[in-house]
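Here are my notes on the model, point by point. Please read them with the coordinates open.

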Amino acid sequence: YKIGQLYMISKHSHEQSDRGEGVEVVQNEPFEDPHHGNGQFTEKRVYLNSKLPSWARAVVPKIFYVTEKAWNYYPYTITEYTCSFLPKFSIHIETKYEDNKGSNDSIFDSEAKDLEREVCFIDIACDEIPERYYKESEDPKHFKSEKTGRGQLREGWRDNHQPIMCSYKLVTVKFEVWGLQTRVEQFVHKVVRDILLIGHRQAFAWVDEWYDMTMDDVREYEKNMHEQTNIKVCNQHSSTVDDIESHAQTST
């Protein structure tokens, strides 16, 4: 899944990028941390104005992006989202991967012992996804892998399927603006949940595409996808990024 994760993120980002919206890759390079060891650092800009609810579009610039910074020390990753236009907004996601069915209730105890938490189980086979994102070819209930024999997943699959793994995510959302805090934080948690559900369904349904890849193979695929995606996204924004930053500083 270390390879499958990279493949899924690159392909998903490319599919979701069009007409000046989507994911622009700014930086993607090796990174070494004294505690976590060797990893990969990635910085992206996520342009998503049309995907915002109407009440949010009313208060943000027409060209609007969120900055994503990720440190991948698989099987541990950190992802942060910030926005220069909204300085009091942030999303922090820590991820740990384990070979179990989600049974480790204490996996984040040391990171979040003082925080109130809601535990949410995501079932890639049986949870509903927004209708506009549904594809039968990416439905784990219908997909069966030719290379691995995995699938089709039925109700209760977590109790009887092997191999199995769980992606544990600790998601913290902050938006410290009076009058909008609760609405924005609830909206973001819903969006994050939907993205995680869709992405992990795709990782499973695309397994025959990445299963035989080496790490060098997936890094080359990632590089090619980033270049193609940047072309789809960046041409429209090349002259507007400075305007965004200027607008953000003025608003602040």
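1. Is Thr-77 buried or exposed? Thr-77 is buried, at 6% relative accessible area. Buried means under 20% relative accessible area, exposed over 50%, and partly exposed in between (1.4 Å probe, protein chains only). Thr-77 sits in strand E4 (residues 76-82). Leaving aside neighbours within four places in sequence, Thr-77 is in contact with Gln-5, Trp-71, Asn-72, Ile-93, Glu-94, Thr-95 and Tyr-97. Contact means heavy atoms within 4.5 Å. Helices (H or I, at least four residues) and strands (E, at least two) are DSSP runs, numbered from the N terminus.

2. Ground rules. This is a predicted model, in which local features need pLDDT of at least 70 and side-chain atom pairs count only at pLDDT 80 or more, while totals for chains, interfaces and linings use all residues. Residues are numbered from 1 along each chain as its sequence is written, and side-chain values use heavy atoms, with hydrogens and water left out.

3. Confidence. pLDDT is the predictor's confidence in each residue, from 0 to 100. The chain averages 84, and 83% of the residues score at least 70. Among the elements, helix H5 (residues 207-210) has the highest mean pLDDT, 97. Helix H7 (residues 241-251) has the lowest, 47. Over residues 239-248 the pLDDT is below 50; this stretch has 12 contacts in the model beyond near neighbours in sequence.

4. The sheet. Six strands form an open sheet, in the order E1-E2-E3-E4-E5-E6, with antiparallel pairing. Two strands pair if DSSP finds at least two bridges between them. Strands E1 (22-33) and E6 (166-175) are the edges, each pairing on one side only. From one strand to the next, the twist averages 15°. E1 and strand E2 (residues 37-47) are joined by 11 bridges. Within E2, Phe-41 is the bridge partner of Glu-29.

5. The cores. A nonpolar core is a set of buried Ala, Val, Leu, Ile, Met, Phe, Trp, Tyr and Cys residues joined through side-chain atoms within 4.5 Å. The largest has 20 residues; Tyr-7, Leu-153, Trp-157, Trp-210, Met-213 and Val-218 have the most contacts inside it. Helices H1 (2-15), H4 (181-205), H5 and H6 each supply at least two residues of this core. H1 gives the most, with four residues. Another core, of 13 residues, lies apart from this one; Ile-93, Val-173, Val-188 and Val-192 are among its members.

Conventions:
Axes are lines fitted to C-alpha atoms, for helices over the stretch in contact, and angles run from 0 to 180 degrees between N-to-C directions.
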